[in-house]
Amino acid sequence: MNLSLSEDQTILADEFRKFFASESAMERVRAAEEKMGGFDPELWRSLGEMGALAMRIPGEDGFGLFEAGLVAFEAGRQLASGPLVEAILAARLLAQLGGPEDLIALASTGEAVVTLALHEAAVGAQIVPGGAVADAILVLSGDEVRLVREIVGKAPDNLGGQPLAPIDLSDKGEILASDGDARAAFLAGLEEWKILTAAWMAGAGLRALELAGEYAKEREQFGRAIATFQAVAHPLADMAAEMTGADLAWRWAVAEVAQGGGKAAAAAPMAFWFAAQASSQAVYRAQHTFGGYGLALEYDIQLYVRRARAAAAILGDPRDQLITAGRRLWLDETAALPETGHPGIEFGYGEAAEAFAQETREFFQRELTDEYRANAHFSYDGHDWDLNRKMGEARLLFPSWPEEFGGRGLDDLATAAALQVWEDEGVTSHSQYVSNLVGHSLIHFGSDEVKRDIVPRLAKGEIISCLGFSEPHSGSDVFAAKTRARKDGDDWIIDGQKMWTSGANLAHHAFLLARTDPDAPKHKGMTVFLVPLDDPGVEIHPVHTFQDERTNATFYENVRVPDSYRIGPVNGGLQVMGFALMIEQGGGGFVGPHRHAVESAVEWAREASRSGRKAIENPRVLERIAAAATRNTVSYLLYWRALWLKTQGTDRAAGPMSKLYGSEALLKDAVDLFELAAPDTLLRGKHGARRLEHEMRHASVTTVYGGTSEVHRSQVAEAFFGLPKSR
Ligand SMILES: Cc1cc2nc3c(=O)[nH]c(=O)nc-3n(C[C@H](O)[C@H](O)[C@H](O)COP(=O)(O)OP(=O)(O)OC[C@H]3O[C@@H](n4cnc5c(N)ncnc54)[C@H](O)[C@@H]3O)c2cc1C
């Protein structure tokens with residue numbers, strides 16, 4: 001995995017950010033809209049000088065699609081006035097199809113505007129981006145690509161104040177090229193257009209959010225900044241996740257096409273739809289944050305609303321892209337795809353992690369019995385001691401622990417990649433997940449005794465851990481815990497009650513947060529202990545949940561714990577919890593169930609009939625499942641981003657954002673797909689519609705445990721926008 005830009009890409013993006021900030025400042029955007037039909041000729045010539053218009057012309061100096069996306073993103077941030085994406089692609093097509101040299105030269109320098117029609121000539125009048133100022137338009141007509149020069153387009157008043165024009169291109173223009181290759185080149189160009197326009201929308205949506213975040217910090221109502229109201233901050237946090245996802249999605253689409261991945265044919269329509277709906281929601285939310293001023297023409301935010309909505313609508317209903325994506329994903333429809341060049345960035349877990357995941361897969365395929373598979377359960381209820389020990393012996397449990405503690409010395413990516421395999425094979429990972437974060441904390445903060453006696457036994461799979469954070473009266477406010485620990489000679493005595501101590505009925509010890517200084521402020525008087533659960537003072541009572549999961553209420557009375565089982569400094573609970581929660585957060589536990597929900601829906605749709613044909617052939621069904629598949633892809637992207645930034649030591653909002661988006665998207669889709677396949681989903685089972693019944697119930701817990709969505713929204717609002725604390 002590598003999600004960082006190369007040095008050259010960073011320079012390119014920085015240069016264009018500065019360029020658009022000065023050459024497409026909002027006064028210029030407004031002037032172009034008011035006086036020149038939304039086209040800025042001076043900007044256009046400068047874009048020519050910068051080489052932007054010629055950047056996709058194949059040849060030695062040609063840039064890849066990814067670099068063009070970086071430029072489109074920056075253009076979107078500043079709402080650059082002119083059909084930039086179309087012109088970049090028209091210049092490329094002209095060069096690819098042997099167009100007139102003089103026109104290519106003029107198009108490259110910005111002395112002429114050449115654009116392209118997004119629909120085939122036969123549709124009749126169509127809205128052509130840039131049509132009102134174009135010197136030439138490229139249009140597809142069957143196998144012919146035509147060049148239309150006598151243009152009588154005129155910009156009518158339009159939402160985005162752009163130089164678009166309705167033009168009838170049927171039977172117009174000279175034939176530039178005419179064969180299957182020409183058609184394929186044009187169609188591949190349209191796929192590029194979707195990706196570049198997605199990048200443009202990502203830039204516009206993110207910039208609109210920045211403006212809203214700044215305004216929320218300054219604007220006061222009821223005697224305080226509106227940013228302090230969660231009703232303002234939280235929806236912005238959701239939009240930050242959506243727009244970060246949209247920005248990742250176009251980047252992923254380039255990488256997926258470049259490497260011919262399994263979703264390559266569907267990647268452009270997926271990225272386009274995602275960016276269209278995300279930016280449309282984001283600009284609305286940004287505008288709403290400005291209250292009445294958001295509607296006043298003097299405020300720039302309304303420009304973003306109009307331009308972003310116009311970009312999303314220029315191709316037609318953005319949801320049509322989902323149907324296209326669905327046909328390409330599940331009905332074997334093929335697509336002409338562009339030559340992208342090497343994007344540099346790479347998604348996925350990376351080679352070392354994938355190799356470890358493969359070893360895990362082979363182990364499961366060898367070791368999992370039919371009986372295990374028949375009784376598999378997603379929660380602690382599926383824990384199998386025999387399997388756990390065998391995995392421990394094979395050092396497959398905790399790859400990111402140092403070798404001396406029974407790990408492999410790999411990074412978190414190996415754990416993450418392997419957990420996807422656990423998920424695929426139906427092996428519960430609850431105990432691995434919890435024991436992994438406890439073990440890491442013990443290695444970091446534990447005494448020599450704990451490192452000698454506990455960590456190796458965890459690594460060998462002989463024992464597992466559970467978490468004792470939540471209490472009956474403190475969940476989100478975890479540091480309000482009342483469970484007490486008082487010093488007694490060299491030991492500590494624990495008294496209190498914990499709630500939701502999942503796995504306590506199987507675990508050797510609880511990683512437990514207790515109050516050690518009742519007089520200190522809430523966050524400063526807490527300490528973490530390892531509390532053995534076989535102590536006679538411990539009682540464990542089962543609590544059964546809606547999603548078929550056993551968890552526990554645990555009671556502690558006079559439980560004696562040696563000081564060597566204290567983890568971290570006395571009253572240093574905040575530090576230890578911060579470390580442990582860094583490992584817990586990230587949302588990786590939800591991408592797998594989300595993917596299974598999509599796969600189950602596809603399985604159902606291939607078998608069930610709707611309106612006299614297979615459900616999978618029904619566009620409405622394809623649209624719904626493709627939307628879920630796209631959101632699932634975005635969940636993966638945000639998750640990979642969180643993992644990547646963690647390896648770079650720069651994880652700020654990334655973990656909470658991934659958890660927030662991944663769980664909320666899972667919940668949304670699990671319910672939607674449950675309804676799509678109803679009433680078959682009323683019955684319980686392991687496949688198709690029946691599995692969706694389970695996914696729907698399971699999804700409900702994912703927005704609660706590991707920190708609720710509200711807590712994560714607050715964290716994202718603070719880290720992403722710099723908004724004040726609202727908890
Ligand atoms: C199945 C399951 C397993 C679990 N396993 C474990 C475990 O192993 N160990 C463990 O320690 N815990 C565990 N938990 C507990 C889990 O972490 C908590 O349920 C969670 O943190 C929320 O706490 P709460 O349930 O007390 O809800 P509360 O904190 O009371 O929240 C109730 C509602 O108020 C909202 N809210 C609370 N504070 C704020 C705020 N400041 N701003 C806005 N909204 C707010 C919440 O988002 C939520 O919607 C588990 C929970 C479940 C359901």
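User: How many residues surround the ligand, and which are the closest?

Analyst: This is a predicted model, in which local features need pLDDT of at least 70 and side-chain atom pairs count only at pLDDT 80 or more, while totals for chains, interfaces and linings use all residues. Residues are numbered from 1 along each chain as its sequence is written, and side-chain values use heavy atoms, with hydrogens and water left out. Taking a residue as near when one of its heavy atoms lies within 4 Å of the molecule, 16 residues surround the ligand, and the closest are Ser470, Ser476, Trp500, Thr708 and Glu710.

User: Which residue has a polar side-chain atom 2.7 Å from an oxygen atom of the ligand?

Analyst: A polar contact is a pair of N or O atoms within 3.5 Å; within protein, one must be able to donate a hydrogen and the other to accept it, and residues adjacent in sequence count only if both atoms are side-chain atoms. A nitrogen atom of the ligand is 3.0 Å from a polar backbone atom of Leu467, and an oxygen atom of the ligand is 2.6 Å from an N or O atom in the side chain of Ser476. The residue asked for, with its polar side-chain atom 2.7 Å from a ligand oxygen, is Thr708.

User: What volume does the largest cavity have?

Analyst: A cavity is a set of points, on a 1 Å grid over the protein atoms alone, where a 1.4 Å probe fits but cannot get out, and lining residues have an atom within 4 Å of a point. Grid points are joined across faces, edges and corners, and a volume is the space filled by probe spheres set on the points. A search of the whole structure finds three cavities of 30 Å³ or more, and the space in the largest is about 320 Å³.

User: Which residues of the lining lie nearest the centre of the largest cavity?

Analyst: The lining of the largest cavity consists of 20 residues. Nearest the centre of this cavity lie Gly82, Pro83, Glu86, Pro129 and Gln162.

User: Which helix gives the largest share of the lining of the second largest cavity?

Analyst: The second largest cavity has a volume of about 70 Å³, and the residues that line it include Tyr372, His383, Trp422 and Ser431. With helices taken as DSSP runs (H or I, at least four residues) numbered from the N terminus, the largest share, three residues, comes from helix H14 (residues 385–393).

Notes:
On a 1 Å grid over the protein atoms alone, a cavity is a set of points where a 1.4 Å probe fits but cannot get out, and a pocket is an open set with protein on both sides within 12 Å along at least five of seven lines; lining residues have an atom within 4 Å of a point. Helices (H or I, at least four residues) and strands (E, at least two) are DSSP runs, numbered from the N terminus.
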